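Here are a few notes to read alongside the coordinates. I hope they are handy when you look through the model yourself.

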Amino acid sequence: MAIVTITSDLGTRDYYLAALKGAILSQSPTALLADITSQIKTFDIKEAAYTLRNAYRYFPKGTIHVVHVNSSDSKSKLLLALADGHSFLTFDNGFLSIAFEKMPHEIYQINEELLTPDSLLHEDAIAKVISLLFAEYRPTDFAQLTSNVISYKSIQPVPSGNSLRAAVVSIDNFGNCVLNITRQMFDDFVGNRSFTVMANVGSTNTVSKNYSEVDEGDMVCLFNSGGYLEVAINKAKAENLLGLKIDSPVLILLN
């Protein structure tokens with residue numbers, strides 16, 4: 001049984017997600033649908049990229065990942081990318097360029113005859129591509145290899161003297177704020193020196209192993225399961241108490 005995951009900004013209040021799932025199941029009744037999340041902030045391909053990058057590797061190779069985020073910028077271009085034994089079906093809106101460290105070397109633009117230009121959700125086209133993949137058609141049977149896709153540079157931490165300027169790239173359901181800095185980046189910058197992490201009105205000079213190493217209500221920094229530095233408040237929301245949001249700057253200062 002083939003697996004199809006869905007990552008979207010469609011939410012669950014409206015019919016949009018149900019329409020997408022229904023279209024997929026109508027053409028591929030044996031598909032096993034798995035929600036990664038449909039609560040991506042509207043139009044936010046950066047949050048979608050962070051989420052999928054850390055989730056897809058837990059699924060078996062051969063899984064098809066539908067990324068239905070910021071479809072309004074797609075210009076009716078649907079893309080299929082093959083990477084690491086997985087298939088990624090998404091729009092031409094720059095998502096692929098920030099979801100992977102290197103752009104997948106196989107990106108296909110779905111042929112126009114499969115598209116439905118008057119459909120805002122593109123659900124029928126997505127469902128058709130999935131059914132063709134299930135039937136073991138090759139991408140070249142219904143798409144054209146392309147390199148002409150929208151590409152953005154992933155925002156990287158900016159070093160300047162004794163400081164490293166990071167940014168919030170995701171805020172989880174607990175209000176924890178994930179930064180665009182990996183453990184390797186952090187270790188390369190800090191080394192054995194003392195440091196201070198400054199996140200708006202909060203600060204700490206320690207990276208903990210778990211949230212409970214500080215008192216309830218105190219700020220804590222730790223590396224999450226995806227290997228990214230996270231700013232949190234033990235038993236509270238750092239998003240609210242520290243006044244952080246997506247793209248908020250966080251400074252790491254060498255003492």
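Predicted model: local features only at pLDDT ≥ 70, side-chain atom pairs only at ≥ 80, totals over all residues.

1. Now for helix H5 itself, which spans residues 183-190. Its buried residues are Phe186, Phe189 and Val190. These residues lie on the same side of H5, because the arc they cover around the axis is only 85°. On the other side of H5 you will find Gln184 and Asp188, which are exposed. An α-helix has 3.6 residues a turn, so residues three or four places apart point the same way.

2. On to the cysteines: the disulfide count is zero. For cysteine 177, the closest cysteine sulfur is in cysteine 221, and 10 Å is too far for a bond, given that a disulfide needs sulfur atoms within 2.5 Å. Cysteine 221 is likewise in no disulfide. Cysteine 177 is buried, at 0% relative accessibility, and cysteine 221 is buried with a relative accessible area of 0%.

3. Last, a look at glutamate 216, in the loop between strand S13 (207-208) and strand S14 (219-223). Buried or exposed? Glutamate 216 counts as exposed, with 59% relative accessibility. Leaving aside neighbours within four places in sequence, glutamate 216 is in contact with Asn234 and Lys235. Aspartate 118 is 98 residues from glutamate 216 along the chain, and their C-alpha atoms are separated by 52 Å.

Notes
Residues numbered from 1 in each chain as written. Heavy atoms only, no water. Buried < 20%, exposed > 50% of the residue type's maximum accessible area, 1.4 Å probe, protein only. Helix = DSSP H or I, 4+ residues; strand = E, 2+ residues; numbered from the N terminus. Arc of directions from axis to C-beta. Contact = heavy atoms within 4.5 Å.
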